Amino acid sequence: MPKINATHAQYDARQEQWQRCRDAADGSDAVKKVGTRYLPQLSGQSGPEYEAYKLRADWYGATDRTLAGLAGAIFRRAMKVEFLEGPLAAKIVDNLSLSGLSMHQVVYTLVQGLLTVGRHILWVDYPGEYSVDARPYVVAMQTEAVINWGTMVHGGREQLAWVVLAEEAERWKDGDRFQREVYPRWRLLELVWGGDAGVDTAGGTSNYQYEVSLWERNISTQIGGDEFIEVERTIPLRRGKPLDFVPVVFFGPTDTTPEVDKPPLLDLVDMNFSHYRSSADLEHGRHFVGLPTPWVAGFPRDINLRIGSNIAWVSNDTSAKAGILEFTGQGLGALEKALESKERLMAVLGARLLEEQKRAAEAAATVELRQTGETSTLIRIIQVVEEGFSQILRWVAWWAGLTADPVDPSITVTLNRDLAAIRATPQEVAALVQALQGGVMAFETVYANLERLEMTREGVTAEDELAAIQAREEQTLVERPGMAPSPADQVRIQQTVEAVARQAGAAI
């Protein structure tokens, strides 16, 4: 019997890393909930002592803040989508998932998944010809749900042959509709040799057709054995014909192949956990040595000595002594320095938003070199998202009948690549104005620089700005008391604008 719940070797190798990344991203509650997984119990500690030890430890939220910062850098400008028009296309853009998620929300979730665990999966499905909303839609699969897959060479290239998705479904418990129980099931998306199936393909015909089957577990009568049975099989159709490909895209930090890569922030995550353990040790030490402790000698052992401003300790022993034990020295200094060092390392590994701002200004070249690693990683992730999600949209449009080409190059998604806001100094702005006034720089060139410095209105081109300048000049003349723009004024305004526009192509 097929073992549908078998997992891929790469899945097994990375699963624990994904869990670390997710727990770190979820923060303190998720980390402390699993107890000794991330904070080992000290030798000789009882259960209550360990719980107090864990409670005192501080979780430094480097991972979640870094993820928020990196995603914010990518989406600080809206993505640009070249799609189709019409009522159906508008529905797809507004509700790509059929669960209320718009196209932009699906992409944001995709980027979050890629940054968190370095892997995300999107799958295009069709609800069926007789559905109320019969149109293709996109399903986002959590990394851990895609447990197995295989590839094959077909049509002169390697492509996905099959993929297994682990799901959870609900059913009535004991026939009572008010009680629900969750049970596991598995969905197999595969290419099946179908003979002369005449499937729907852009390049002709194919003998492979795409099929979807659902599998559930049957407890075998044999001791220790499990059976997995197929409970449903469908053949998704486009215009009455099966597909000849599996409509799934794997997104990784470097490409869209099913190969599993290391999570991009794994080093930061592991350093975050190391910081957590050092914090636990530091707080543990502070707890035991931080409070002053009184001591006495030469007093009877059977009396209770209380402390207070109105209480005096008296002893008949002339050699009796009393004092206060207080922590001195640098015993905990090493732990404090370790925390600071790890915070700096986390900044280097990706948490730039956590790094203390330098008092002195850095040279532009220094900043560029310092950020090259993070920027190159983000740029590659952006490229992967653009390539993979553009293909998802092309399949959706093709399956919906909006285009005849499943790889229509006119459908594209472009994300922001300006990952950091550039701030101009007053001197730089003044230099641009002087260059324009002196005739050594075209208005378009000045405007392009102002756009880069984010000092222009979004979506307004240089031509739009020139037209606005002209309109403002005309309006100013109209509003002068007792005056209206004469034909000569209009000619002068037009000549001024044209003279500025003719400066196009001048060098900086």
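The entries below go through salt bridges and then a surface patch.

**Entry 1: the model.** I noted that this is a predicted model.

**Entry 2: the count.** How many salt bridges does a search of the whole structure find? I wrote down 14.

**Entry 3: within a helix.** I looked up E16 and R20 and found that their side chains form a salt bridge, at 2.2 Å from N to O. Both sit in helix α1, which covers residues 9-26, and because they are four residues apart there, about one helical turn separates them. E16 counts as partly exposed because its relative accessibility is 42%. R20 has 15% relative accessibility, and the cut-off for buried is under 20%, so R20 counts as buried.

**Entry 4: from a loop to helix α1.** Next I looked up R37 and D23, whose side chains meet in a salt bridge at 3.4 Å, N to O. R37 belongs to the loop between α2 (28-33) and α3 (47-56), while D23 is in helix α1, so this pair ties together parts 14 residues apart in sequence. Is D23 buried or exposed? D23 counts as buried, because its relative accessibility is 7%. For R37 I noted a relative accessible area of 47%, which means partly exposed.

**Entry 5: from a loop to helix α9.** I looked up R417 and E386 and found a salt bridge between their side chains, 2.8 Å from N to O. Where do the two residues lie? R417 is in the loop between β14 (412-414) and α10 (426-437), and E386 is in helix α9 (residues 364-399), so the pair ties together parts that are 31 residues apart in sequence. R417 is partly exposed, with a relative accessible area of 36%. E386 counts as buried because its relative accessibility is 11%.

**Entry 6: a nonpolar patch.** Last, I turned to the surface. Which residues form a nonpolar patch there? I wrote down V296, I303 and L305, which together have about 200 Å² of accessible area.

Note on methods. Residues numbered from 1 in each chain as written. Predicted model: local features only at pLDDT ≥ 70, side-chain atom pairs only at ≥ 80, totals over all residues. Heavy atoms only, no water. Patch = residues over 30% accessible without salt bridge, like charges linked within 9 Å, V, L, I, M, F, W, Y side chains within 5 Å. Areas by Shrake-Rupley, 256 points an atom, 1.4 Å probe, with all protein chains shown as cover. Salt bridge = Lys/Arg side-chain N within 4 Å of Asp/Glu carboxyl O. Buried < 20%, exposed > 50% of the residue type's maximum accessible area, 1.4 Å probe, protein only.
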